[in-house]
Amino acid sequence: MTVYLHAEIHVRPGHMNDMLNLLEHTIKPMMEGEGVKMLACYTGVTGPRNTIIDIWEMDDMEHFRAAYARSIGKLSPGDDLRGKLDSWVEKEILTFMDRRF
């Protein structure tokens, strides 16, 4: 079974480029190394400002949880990924979806 994750990330003003770089150069390779594939990353042209939408593909919801936990465990002690996310992200909405057609 394959499921998809729609991640809507509302970034605090002034941190959009920081967050995009973190997604592209740290989070994406980290998760793809665990078999969770990023299908797309979008930024809004209209609507809410400072919003990023990611679409991820994985085996199931447990695959995402386990892959994230393993990835965090592999980070070097000086890498403050959680601190960066906490200071740059205002709100994150994660929606797991089944593909219908």
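Glu34 is located in the loop that joins helix 1 to strand 2; helices (H or I, at least four residues) and strands (E, at least two) are DSSP runs, numbered from the N terminus. The model is predicted, with local features requiring pLDDT of at least 70 and side-chain atom pairs counted only at pLDDT 80 or more, whereas totals for chains, interfaces and linings use all residues. Residues are numbered from 1 along each chain as its sequence is written, and side-chain values use heavy atoms, with hydrogens and water left out.

With a relative accessibility of 12%, Glu34 counts as buried, where buried denotes under 20% relative accessible area, exposed over 50%, and partly exposed in between (1.4 Å probe, protein chains only). Apart from neighbours within four places in sequence, Glu34 is in contact with His63, Ala67, Arg70, Ser71 and Lys74, contact being defined as heavy atoms within 4.5 Å.

Helix 1, which spans residues 16-32, has a kink of about 40 degrees centred on Leu23. The bend at a residue is the angle between axes fitted to the seven residues ending there and the seven starting there. Met16, Met19, Leu22, Leu23, Ile27, Met30 and Met31 are the buried residues of this helix. They pack against strand 1 (3-11), strand 2 (37-43), strand 3 (51-58), helix 2 (61-74), helix 3 (81-88) and strand 4 (89-97).

Two aromatic pairs are present in the structure. In one of them, Phe64 and Tyr68 are stacked, at 6.4 Å centre to centre and with 20 degrees between the planes. Rings of Phe, Tyr and Trp (its six-membered ring) are paired if their centres lie within 6.5 Å, and planes under 30 degrees apart count as stacked, over 60 as edge-to-face and the rest as tilted. Both Phe64 and Tyr68 belong to helix 2, where they are four residues apart, about one turn of the helix. In general, an α-helix has 3.6 residues a turn, so residues three or four places apart point the same way. Phe64 is buried, at 18% relative accessible area, while Tyr68 is partly exposed at 28%. Phe64 also pairs with Phe96 in an edge-to-face arrangement, at 5.8 Å centre to centre and with 70 degrees between the planes. This pair links distant parts of the chain, since Phe64 lies in helix 2 and Phe96 in strand 4, 32 residues apart. Phe96 is partly exposed, with a relative accessibility of 29%. Together, Phe64, Tyr68 and Phe96 form one aromatic cluster.

The largest pocket contains about 280 Å³ of space. On a 1 Å grid over the protein atoms alone, a pocket is an open set of points where a 1.4 Å probe fits, with protein on both sides within 12 Å along at least five of seven lines, and lining residues have an atom within 4 Å of a point. Grid points are joined across faces, edges and corners, and the volume is the space filled by probe spheres set on the points. The lining comprises 17 residues, of which Ile27, Phe64, Tyr68, Leu85 and Glu92 lie nearest the centre of the pocket. At least two lining residues are supplied by each of strand 1, helix 1, strand 3, helix 2, helix 3 and strand 4, and helix 1 provides the largest share, five residues. By class, the lining consists of 14 nonpolar, no polar and three charged residues; Ala, Val, Leu, Ile, Met, Phe, Trp, Tyr, Cys and Pro count as nonpolar, Asp, Glu, Lys and Arg as charged, and the others, Gly among them, as polar.

Cys41 occurs in strand 2 and is partly exposed, at 36% relative accessible area. Beyond neighbours within four places in sequence, the contacts of Cys41 are Leu20, Leu23, Ile52, Ile53 and Asp54.

Asn50, in the loop between strand 2 and strand 3, has a positive phi of about 55 degrees although it is not a glycine. Most residues other than glycine have a negative phi. Asn50 is partly exposed, with 24% relative accessibility. Neighbours within four places in sequence aside, Asn50 is in contact with Ile9, His10, Val11, Pro13 and Met16.
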